[in-house]
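Subject: Structure handover and notes

Hello,

Here is the structure I said I would pass on. My notes come after it.

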Amino acid sequence: MTNEEALKKAFCEGLGVNEDEIDWGTLQYRGIEQWDSVAHMQVVAEIEDAFDIMMDIDDVIAMSDFKATKEILQKYDVRFP
Amino acid sequence: MIDADEQLSDQQALARLASRARCSVLRLGHAAGGTGAHYGPALSLVEVMTAIYSMARVAPGVGTDLERDRVILSKGHGSLALYTVLHEFGHIPDDVLETAELDGTRLPGQPICDRELGIEFSSGSLGMGLGYGVGLALSARMMQSGRRIFVVMGDGETNEGSVWEAAMAATHFGLGSITAVIDVNDLQSDGATSDIMSFDHAAGWAGFGWEVIEVDGHSIPALQAAIAQKPSGRPRCILARTVKGKGISFMEAVPEWHHGRLTEPQYAEAHDELRGGEPR
Amino acid sequence: MTNLPNPRGLSRLGPRGTFGTALLAAAELNPRVVGVTADLAITAGLERFRVKYPERLLNVGIAEQNLVGIAAGLAEDGWQPFAATFANFAAMRSNEFVRHHLGYMRQKVSVVGIGAGFAMGQFGTTHYSLEDVSALRAIPNLTILSPGDCTEVFQAVLALANDPQPCYLRLSGAPSMRPVDQSDTSFQIGRARVLSTGSDVTIVGTGSMLSVAAGAAGILQERGISVGVVNVHTIKPLDEDAIRGLIGSTGAVVTVEEHSILGGLGAAVAEILSAEAGSPPLRRIGVPDRFPKVGSYDFVLKQCGLTDLLVADEVGDWISRHRRAAAATT
């Protein structure tokens, strides 16, 4: 599984949605009903499990959409080609 | 060297003072880092605290003078407005102010009574201040003291039943020396006061026998006039109509900024906006 | 039974967010579950609950005494109210309301004390709750729960939604409260969870201090001391059998709690052990009888000696002193 796939899977698990329900280009915090503050932390936990990292609280707050998440994860040596 | 402020009118000087205090609220809240700070409820209160301290007979460093007027901040989450305005009026030194909200500070998120710094009351638990104010006013009467007692509360705070026990007592005892100022910013922690616990303040306080004066809570002269109005012999309630988060547009009237944490870009934006008005 | 969510996700949510998530799960299972709050719906993690069941979330404004009174009135007609506010306000400002409605009238309300201990950090002493267990423990008919990690918070909420007793649920611990592996035991109100046994000393922890007890035990074990850990998530009714079971099986008992050393878990354990012949010596670790300096959560815990290392050091020193004293008398 590529990092991109693993990240998408983490989002789906955390948000409790199927991948085909998501438009990754527009997905953002509070943009869909499922991504509320509770789901946000579930997504963070899924990402941490998937990549075996521990995110800083500033990064957790800044994780406002899919694209931003990918950029933040670079800091943790998770690369997206 | 002549202090530039001396060449301004008193009102201009006070407006500048309030604007400096507002900048300090932002700076200290941001420096607290970690878990954030109570920006909204402090920013709505800057002019109220400025007007009170411009009128109250409280000199810095005389926290034991029995005749001094008493300023009780009952809404403890307005602490940053209290600290910064006390600093502007010379009660809190620069170096102490800069420790606000840091570990082990004398100036934490909710005030600790510290008369050396002009802080008369430990607060944070709402609805505690007005009853205490009634006691101070009764004591003043028994000691034939002419002091006034100012109690600053939030509009949400008046949800607490203890406020109304004290309001009833102040009227019963005829305590004209008490002036309550309500920071009516129309928001509380969970949202609009009209949604959480709606209440007609003007009718409510009047119904409890208080003299009610409504003012623009960001107009220092209007607040001063309300404080200076001839005594009626009844306790006075000044309803200060304010905007929560006043001065920082993305915070104004936004419930989430009751307590929050600024990112660096947000801090820069807020900083620029506050400084944009008038040069320091 | 609902599946438990990812423990790390719950830990990320913290005890308040977990409470809100759990109450939503309980509300889905039981249509009589209602949330009641004193202007702290968001702070208590009830935002999602408010969106999903707006008619079942009652906000009474900043009025904690009224909160308990209103919840009791709802309970009379068979609703299952969970009344949430900061722990100190719930337990102390509303104390007599809890005594009257929950204790005396036996209305089945779950009063939920959020941000117990030092969790509110810079909010300061007015928002610290260090005396809540002490203030409530003498009230008859009242269960007092103090879950040891977020998974246990979740379990406690689901259990309370089907439990007939009035209860005070104490939520200590900051966001990112550490998970404790308790998979070998099950959660049951009134039953302590024995996580491990030790012949030298047993550390009895509750709430946020369970993970500290477990951490301190790990450190002491590395120093060659045999340490057991017991989780007392139900402070009242206390699992007396589990406490008496320590007599003869362990050399010393330590309690650790994010609460005043007066009147809380330590006192409850002392009340049992002091009545038994041959009880091991007991050391109560908690918040000393004074108001600590205000600061961030970690700052205040450290000041009170409530970290893994500081607890390990205190327990280690105490045991060695005891051993020396015992050697001197023989």
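What follows is a summary of what was found, chain by chain and then at the contacts between chains.

Please keep in mind that this is a predicted model.

Chain A

Chain A is helical: it has 4 helices and 0 strands, and the order from the N terminus is α-α-α-α. The C-alpha trace covers about 30 × 25 × 20 Å along the principal axes of the chain. Of the 81 residues in chain A, 25% count as buried. Looking at contacts in chain A with a separation of 6 or more, 58% are between residues 24 or more positions apart.

Chain B

In chain B there is an open sheet of 5 strands, ordered E1-E2-E3-E7-E6, and the pairing is parallel. The edge positions belong to strand E1 (70-73) and strand E6 (211-216) of chain B; each has a single partner strand, so one side of each has no neighbour in the sheet. On average, neighbouring strands of this sheet are turned by 20° against each other, with direction ignored.

Helix H3 (residues 46-55) of chain B lies across E1, strand E2 (149-154), strand E3 (178-184) and E7 of chain B, and runs at about 160° to E3(B).

Chain C and the nonpolar cores

The largest nonpolar core has 128 residues. Those with the most contacts inside this core are Leu23(C), Ala71(C), Ala83(C), Val157(C), Ile203(C) and Ala213(C). H1(C) gives the most to this core, with 9 residues. As for Ala213(C), its contacts beyond four places in sequence are Ile203(C), Gly205(C), Val229(C) and Val256(C). A second, separate core has 75 residues, including Leu17(B), Ala32(B), Ile178(B) and Leu262(B).

How many residues of strand E9 (residues 227-231) of chain C are buried? The count is 5 of 5, and the strand is described as mostly covered. Both of its faces are covered: Val227(C), Val229(C) and Asn231(C) are buried on one side, and Gly228(C) and Val230(C) are buried on the other.

With strand E7 (residues 193-196) of chain C the pairing is antiparallel, over 3 bridges, and Arg193(C) has Asn231(C) as its bridge partner in E9(C). With strand E8 (residues 201-205) of chain C the pairing is parallel, over 5 bridges, and here the bridge partner of Gly205(C) is Asn231(C).

Leu262(C) is in a loop of chain C, between strand E11 (253-260) and helix H10 (265-273). Is Leu262(C) buried or partly exposed? Leu262(C) has 16 other C-beta atoms within 10 Å, and a residue needs 20 or more to be buried and 12 or fewer to be exposed, so Leu262(C) is partly exposed. Not counting residues up to four places away in sequence, Leu262(C) touches Ser134(C), Ala267(C) and Asp289(C). The C-alpha atom of Leu262(C) is 19 Å from that of Gly173(C), a residue 89 positions away along the chain.

Contacts between chains

Between chains B and C, 24 residues of chain B are in contact with 22 residues of chain C. On the chain B side there are 5 nonpolar, 14 polar and 5 charged residues.

The contact between chains C and A takes 11 residues from chain C and 10 residues from chain A. On the chain C side, helix H1 (7-29) and helix H2 (47-52) each supply at least two residues. H1(C) gives the most to that side, with 7 residues. By class, the chain C side divides into 2 nonpolar, 5 polar and 4 charged residues.

Regards

Note on methods: Residues are numbered from 1 along each chain as its sequence is written. Chains are lettered from A and ligands numbered from 1 in the order in which they are written. This is a predicted model: local features need pLDDT of at least 70, side-chain atom pairs count only at pLDDT 80 or more; totals for chains, interfaces and linings use all residues. Two residues are in contact if their C-beta atoms, placed from the backbone, lie within 7 Å. Ala, Val, Leu, Ile, Met, Phe, Trp, Tyr, Cys and Pro count as nonpolar, Asp, Glu, Lys and Arg as charged, and the others, Gly among them, as polar. Two strands pair if DSSP finds at least two bridges between them. Axes are lines fitted to C-alpha atoms, for helices over the stretch in contact, and angles run from 0 to 180 degrees between N-to-C directions. A nonpolar core is a set of buried Ala, Val, Leu, Ile, Met, Phe, Trp, Tyr and Cys residues joined through C-beta atoms within 7 Å.
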